[in-house]
Amino acid sequence: MSAVDQAHMARALELARKGLYSTHPNPRVGCVIVKDGQVLGEGWHVRAGEPHAEVHALRQAGEQARGATAYVTLEPCSHFGRTPPCADALVKTGVSRVVAAMQDPNPQVAGRGLLRLAEAGIEVSSGVLEAEARELNVGFIKRMECGLPFVRVKLAMSLDGRTAMASGESQWITGPAARRAVQRLRARSSVVLSGADTVLLDDARLTVRPDELGLDTEQTALAAARQPLRVLVDGHLRVPLDAPFYRAGPVLVASCAAREGFAADGRELLVVPGSDGHVDLPQLLAELGRRGVNEVLVEAGPRLAGAFARQGLVDEYQIFVAPKLLGSSARPLLELPLEKMAEARELRILDIRAVGDDWLVTARPA
């Protein structure tokens with residue numbers, strides 16, 4: 001892996017990140033076409049059904065692409081989906097070398113794209129900045145490998161680990177910068193999931209509000225064009241149909257109970273039986289995976305968030321920490337009853353950064 005290869009792949013990854021808010025259910029992919037040290041074309045996948053990154057870059061390079069090197073953050077596809085195979089496009093234009101950050105985990109590709117290129121006499125390699133490429137598409141990769149979406153749990157707490165007063169009052173623990181960051185987390189997600197308690201207590205809508213994203217004009221427009229699917233876990237259908245949550249747009253409700261006439265006005269009811277009136281969360285995630293959901297953002301109270309944690313369903317925690325003390329009678333971060341130190345859940349902290357006056361801790365189960 002040369003420094004030149006890394007530099008061009010880093011640029012391809014930068015381009016891929018432009019699709020952070022818009023490519024669902026497809027992966028985020030970027031491509032750079034280089035010849036004799038000169039960048040001839042760049043492209044990134046904008047949204048499903050539209051040309052892939054390689055096509056955009058090849059169009060920009062034109063006839064000069066012959067004999068060039070294509071750097072792409074994901075193995076070029078080799079099958080016909082909503083668009084033709086990118087591997088065939090690269091062969092047709094006569095590039096001499098293709099460098100991929102990683103193989104495509106999609107079973108329909110899984111090495112076949114690179115094989116197609118190699119059989120056409122093109123030099124191929126993969127693994128350049130692979131860790132960065134995998135991180136960009138953690139949800140797509142998990143869905144392809146396991147059939148399940150990547151579950152990210154967002155929590156906001158005080159320095160003493162409390163999320164709300166005993167009354168349930170919680171607005172606002174964190175400041176405006178943290179709330180903008182949460183909007184961006186929603187915008188990148190395929191699904192925003194919450195529970196009846198949160199919706200009832202906070203009159204929550206859980207929509208993406210473009211004017212609060214804090215992004216540039218292009219990224220704001222892309223995020224505004226796609227609202228993530230909102231999923232409500234409501235085992236007993238406690239949330240009234242005139243709640244602001246329902247008025248805010250289409251919603252999928254996961255419940256243990258069926259109700260005649262519920263599925264109307266943008267509401268879909270998914271009956272997921274569980275125990276004691278609690279929705280079977282692994283079954284719900286499996287259904288979301290079947291629907292092409294890559295990333296789930298859980299924004300819920302301590303009971304539902306705790307249920308995800310207890311059942312080992314959390315892939316990542318995004319914990320916003322405010323410089324406040326709410327006191328010992330305030331509500332805890334998670335309902336996670338543990339009695340012995342040996343039962344403690346260990347986390348691996350990936351990042352800690354300031355967000356306005358607050359701090360954001362990104363952590364994953366160890």
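**Close-up views of a predicted model**

**View 1. A salt bridge joins the side chains of R11 and E14.** In this predicted model, the side chains of R11 and E14 come together as a salt bridge, with a nitrogen-to-oxygen distance of 3.2 Å. Both residues belong to helix α1, which covers residues 3-16, and because they are three residues apart there, about one helical turn separates them. R11 is partly exposed, its relative accessible area being 26%, and E14 is also partly exposed, with a value of 44%. Side chains that carry opposite charge can pair when their charged atoms come close.

**View 2. K18 and E218 form a salt bridge.** The closest N and O atoms of this pair are 3.8 Å apart. K18 sits in the loop between α1 and β1 (30-35), whereas E218 is part of helix α9 (residues 217-224), so the pair ties together parts that lie 200 residues apart in sequence. K18 is partly exposed, with a relative accessible area of 27%, and E218 is partly exposed as well, at 40%.

**View 3. K154 and E299 meet through their side chains in a salt bridge.** Here the distance from N to O is 3.6 Å. Because K154 lies in strand β6 (residues 150-158) and E299 in the loop between β12 (295-298) and α12 (302-310), the pair ties together parts that are 145 residues apart in sequence. Both K154 and E299 are buried.

**View 4. A network of salt bridges links R28, E135, R152, R188, E295, E316 and R364.** In the whole structure, a search finds 25 salt bridges.

**View 5. I349, I352 and W359 form a nonpolar patch on the surface.** Together, these three residues have about 320 Å² of accessible area. One of them, I352, is found in strand β15, which runs over residues 347-355.

**View 6. E54 is listed by UniProt, in an unreviewed entry, under "active site".** This residue is found in helix α2, made up of residues 53-61, and E54 is buried, with a relative accessible area of 3%. When residues up to four places away in sequence are not counted, E54 touches C31, V72, L74, P76, C86 and L90.

How values were computed: Residues are numbered from 1 along each chain as its sequence is written. This is a predicted model: local features need pLDDT of at least 70, side-chain atom pairs count only at pLDDT 80 or more; totals for chains, interfaces and linings use all residues. Side-chain values use heavy atoms; hydrogens and water are left out. A salt bridge is a side-chain nitrogen of Lys or Arg within 4 Å of a carboxyl oxygen of Asp or Glu. Helices (H or I, at least four residues) and strands (E, at least two) are DSSP runs, numbered from the N terminus. Buried means under 20% relative accessible area, exposed over 50%, partly exposed in between (1.4 Å probe, protein chains only). Patches are made of residues with over 30% relative accessible area and no salt bridge: like charges are joined within 9 Å, nonpolar side chains (Val, Leu, Ile, Met, Phe, Trp, Tyr) within 5 Å. Accessible areas come from the Shrake-Rupley method with a 1.4 Å probe; for residues, only the protein chains shown count as cover. UniProt positions are given in the numbering used here, feature names are shortened, and annotations may be inferred rather than shown by experiment. Contact means heavy atoms within 4.5 Å.
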